[in-house]
Amino acid sequence: MWTQIVGKVRLRLTPPRQPLVECPVVRNARGLTTSRIPYGQRAFELRFDFIGHQLVLETSDGLREDTPAEPLSVAEFYQEFMEFASIGGN
């Protein structure tokens with residue numbers, strides 16, 4: 001369920017392309033990633049790092065923040081994620 005929340009962010013912010021070509025979250029060497037998401041003059045990426053047990057936010061202007069992946073309900077994760085994701089929002 002957590003990946004659905006992160007995936008919805010990518011789907012909402014990524015310019016539309018051909019149907020069924022877009023996958024909101026894909027595998028990488030350490031877990032799952034949204035890959036690059038354009039956002040105004042910047043871009044960002046969200047990654048679930050399963051090795052480091054964290055959610056990582058990186059922006060194109062060098063900001064990097066992470067938060068530990070802890071046992072939370074979906075509602076708790078959503079609330080914390082929205083606060084965490086707002087770090088890179090301005």
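# Gln-54 and its surroundings

Student: Which residues does Gln-54 touch, not counting residues up to four places away in sequence?
Tutor: Gln-54 touches Arg-47, Phe-48, Asp-49, Arg-64, Asp-66, Thr-67, Pro-68 and Ala-69, with residues up to four places away in sequence left out. Keep in mind that this is a predicted model.

Student: Is Gln-54 buried or exposed?
Tutor: Gln-54 is buried, because its relative accessible area is 17% and buried means under 20%.

Student: And where does Gln-54 sit?
Tutor: Gln-54 is in strand β5, which covers residues 54-59.

Student: Okay, zooming out: how many helices and strands does the protein have?
Tutor: There are two helices and six strands. Along the sequence they follow the pattern α-β-β-β-β-β-β-α.

Student: How much of the protein counts as buried?
Tutor: Of its 90 residues, 30% count as buried. The protein exposes about 6,100 Å², and carbon and sulfur atoms supply 55% of that.

Student: New topic! How many salt bridges are in the whole structure?
Tutor: A search finds five. One of them joins the side chains of Arg-30 and Asp-49, at 2.9 Å from N to O. Arg-30 lies in the loop between β1 and β2 and Asp-49 in strand β4, so this pair ties together parts that are 19 residues apart in sequence.

Student: Are those two partners buried or exposed?
Tutor: Asp-49 is buried, with a relative accessible area of 8%, whereas Arg-30 is partly exposed at 41%.

Student: Arg-47 was on the Gln-54 list. Which residue does Arg-47 meet in a salt bridge?
Tutor: Arg-47 meets Glu-58, with 2.5 Å from N to O. Arg-47 is in strand β4 and Glu-58 in strand β5, so the pair ties together parts 11 residues apart in sequence. Arg-47 is buried at 18% relative accessible area, while Glu-58 is partly exposed at 27%.

Student: What about Arg-64, which residue does it pair with?
Tutor: Arg-64 forms a salt bridge with Asp-66, their closest N and O atoms being 2.9 Å apart. Arg-64 counts as partly exposed at 40% relative accessibility, and Asp-66 counts as partly exposed at 36%. Arg-47, Glu-58, Arg-64 and Asp-66 are linked in a network of salt bridges.

Student: Last one: which residues gather in the patch of negative charge on the surface?
Tutor: Those are Glu-70, Glu-76, Glu-80 and Glu-83. Glu-80 lies in helix α2, residues 74-85, and counts as partly exposed at 39% relative accessibility.

Terms used:
Residues are numbered from 1 along each chain as its sequence is written. This is a predicted model: local features need pLDDT of at least 70, side-chain atom pairs count only at pLDDT 80 or more; totals for chains, interfaces and linings use all residues. Side-chain values use heavy atoms; hydrogens and water are left out. Patches are made of residues with over 30% relative accessible area and no salt bridge: like charges are joined within 9 Å, nonpolar side chains (Val, Leu, Ile, Met, Phe, Trp, Tyr) within 5 Å. Accessible areas come from the Shrake-Rupley method with a 1.4 Å probe; for residues, only the protein chains shown count as cover. A salt bridge is a side-chain nitrogen of Lys or Arg within 4 Å of a carboxyl oxygen of Asp or Glu. Lys and Arg count as positive and Asp and Glu as negative; His and the chain ends are not counted. The place of a charge is taken as NZ of Lys, CZ of Arg, CG of Asp or CD of Glu. Helices (H or I, at least four residues) and strands (E, at least two) are DSSP runs, numbered from the N terminus. Buried means under 20% relative accessible area, exposed over 50%, partly exposed in between (1.4 Å probe, protein chains only). Contact means heavy atoms within 4.5 Å.
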